[in-house]
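Work through the exercises below with the sequence and the 3D view at hand. Each task is followed by a solution in steps.

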Amino acid sequence: MAKPTPAADPSRLPATQGQGSSGRFLAAAVILVPLGAAVLGQLRHFRALPSEMQALLSAFVVLQLVAALFTPHPIISLALAGLRAAVLVSWIVYGYQRASTLQLKWLAGALAGVVAAAAALAAYLRLQAGPGDPLPRALEFLYISSNGMSVLGMLLVFLAALQGSWHWTARMLLGLVGTTSLVLGMGKTAWVACALGLAAAYWPRLPAWLRGSSVAAALAGLLAVAALPQLQNTLRTWLPPVRQALSGRDTVWADAARTAQAHPLGGTGPYQYGAWAAPNDPCATLTTLESVSSACPAWLNSFGQPWRIAHNAALHAFAETGTVGGAGWLLLFGAAVFGAWKSRWPLARAVVAGSVGLNTLDNVTLLPSPGYAEIFFVIVGASWGLYAQREKAAKAPDAGQAADNLNRTKTLGQVTALSAAVAVGTLAVPWVLMTPPGLPGRVEVQHFITPPHYEPGEVYALYAQLHWPAQQKQSTRKPYLVIEQCTRLNICSRIGGASFADAAEMVSAGQVGAEAGGYELKEWVYARVTSTPEQTVRLRASVFVPGTGLPLAELATWEVSAVER
């Protein structure tokens with residue numbers, strides 16, 4: 001009996017083969033994003049995928065379409081969900097079909113070109129800028145935020161470090177360009193994700209004893225944190241600086257969570273989250289666009305800011321597609337991790353690990369993107385292709401249908417387990433950083449006077465006298481009162497507030513009625529109510545602790561109506 005032909009080393013295939021045109025289209029789509037629509041032609045090759053992958057992608061598509069039926073605008077959502085799912089599946093099929101012929105040098109050149117154009121534009125704007133002209137604080141491009149430039153830099157670092165067959169001078173130049181973009185983009189999350197991706201790429205090369213001891217140490221650390229309250233208290237003292245570095249993500253997470261609660265089954269609909277949660281300025285994250293134009297283009301407002309993200313992939317999926325569609329996204333991420341690991345391709349492990357890591361504080365897998373989401377799904381498809389080639393070459397000639405069914409069941413079970421792990425890991429970060437550490441106290445309401453009317457265009461004033469007892473006092477965290485205006489779907493935005501003061505300082509200053517311990521708020525609090533077509537506006541008052549993003553206590557909700565002078 002003839003022996004099966006051994007498979008080529010899958011970690012080398014995309015680097016050594018494919019000297020033809022394969023990969024040029026991906027590179028072109030990175031430079032000109034609208035060109036990516038042409039990938040839809042790859043759908044005709046869907047049945048070439050392994051049966052396990054067909055089942056996973058079909059489940060993803062069905063869940064997206066079902067979720068769209070439960071959105072506020074089901075017809076629009078159904079069309080957008082179908083289009084996005086079709087493009088996503090097409091990119092995966094594109095990668096699968098070119099698993100061993102993908103020419104990544106074209107991609108590297110395109111990414112380096114984008115970084116060079118961004119650097120040239122930044123230099124030009126700084127030379128031409130006058131006093132008071134808006135300038136980005138970090139490297140960005142017309143349609144790419146500074147965090148996005150860091151992500152592109154991360155991908156260039158991966159290519160430079162892991163494409164071992166390329167000439168060393170090309171790898172050195174790519175590494176230099178990638179590191180420059182990674183650092184100047186100021187995306188600190190991308191820095192950590194880059195380290196995570198490289199660690200995943202080189203993990204199998206480490207000695208078995210080192211891998212085993214690393215896993216044992218990590219598990220021991222988790223068990224120690226779970227079992228020792230003293231260690232938990234120590235870790236809590238490290239969280240405030242981390243929360244302060246979130247750049248407002250805690251507030252975005254809270255808004256996304258409230259949006260998901262308001263639309264539990266289907267979410268707001270694909271590309272419609274921004275219309276519910278976005279700020280008034282559609283150019284808030286694209287300073288360069290304002291720098292090259294007289295002002296933020298007014299026509300951007302008509303799009304409803306579909307590019308606005310929840311800065312966490314799981315929260316964004318639940319806010320945009322509800323629990324039904326969110327389950328499909330998590331299943332897709334589990335399949336990505338499975339394929340990357342089984343492919344034995346270091347670049348796939350790095351890209352998937354780095355992207356999934358980035359998804360805890362950003363969302364780099366939404367289509368369309370400045371290139372990184374497309375690259376992610378192409379790499380996912382290619383990794384599954386390499387895995388399928390290796391499995392086919394290693395399969396015994398006499399293997400029957402029963403063995404295939406057993407392997408298929410095992411694969412789907414492993415993907416489901418990985419999906420759950422990705423869900424826990426992605427949601428754990430906002431859950432930990434948004435949970436007030438050791439601050440379960442009760443705010444004492446002594447006086448809280450809320451006028452029932454407001455005058456449009458004028459300041460709304462209420463009187464609050466609140467006390468936070470001494471046994472709950474945290475010297476490094478002063479609470480503050482937040483006044484929010486809420487929609488009928490409980491989507492709230494801050495319109496005013498005031499900070500508490502140290503009660504001991506108030507007593508020493510001779511303020512009448514101040515108690516000696518804890519924190520005290522005793523003053524008029526001002527807010528500016530935004531007029532709405534409704535007769536009444538619902539307001540909410542909550543006490544927050546800085547850096548948590550969640551209220552320590554919700555004091556009251558009430559309605560006010562507009563009165564004209």
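Predicted model: local features only at pLDDT ≥ 70, side-chain atom pairs only at ≥ 80, totals over all residues.

**Exercise 1. Two helices in contact**

Task: Decide how helix 4 and helix 15 are oriented: roughly parallel or roughly antiparallel?

Solution. 
Step 1. Recall what is needed. A pair of packed helices is described by the distance between the axes and the angle between them.
Step 2. Take the values. The axes of helix 4 (residues 74-97) and helix 15 (residues 313-343) come within 14 Å, and they cross at roughly 5°.
Step 3. Apply the cut-off. Angles under 35 degrees count as roughly parallel, and helix 4 and helix 15 are therefore roughly parallel to each other.
Step 4. Name the residues in contact. Helix 4 contributes Arg-84, Leu-88 and Ile-92, while helix 15 contributes Glu-320, Thr-321, Trp-329 and Leu-332.
Step 5. Sort the residues of this contact by class: four are nonpolar, one is polar and two are charged.

**Exercise 2. The partners of strand 7**

Task: State in which sense strand 3 and strand 6 pair with strand 7, and over how many bridges.

Solution. 
Step 1. Begin with strand 3 (residues 460-468). It pairs with strand 7 (residues 519-527) in the antiparallel sense, over nine bridges.
Step 2. Go on to strand 6 (residues 501-502). Its pairing with strand 7 is also antiparallel, over two bridges. Here Asp-502 stands opposite Tyr-519 of strand 7.

**Exercise 3. Backbone details in two loops**

Task: Which residues does a cis peptide bond join, and where does Met-186 lie?

Solution. 
Step 1. The cis peptide bond joins Leu-367 and Pro-368, with omega about -10°. Pro-368 belongs to the loop between helix 16 and helix 17 (372-394).
Step 2. Met-186 is found in the loop between helix 7 (168-184) and helix 8. Its phi is near 60°, a positive value in a residue that is not glycine.

Key. Residues numbered from 1 in each chain as written. Heavy atoms only, no water. Axes fitted to C-alpha atoms, helices over the stretch in contact; angles between N-to-C directions. Helix = DSSP H or I, 4+ residues; strand = E, 2+ residues; numbered from the N terminus. Parallel < 35°, antiparallel > 145°, perpendicular 65-115°, else oblique. Contact = heavy atoms within 4.5 Å. Nonpolar A, V, L, I, M, F, W, Y, C, P; charged D, E, K, R; others polar. Pairing = 2+ DSSP bridges.
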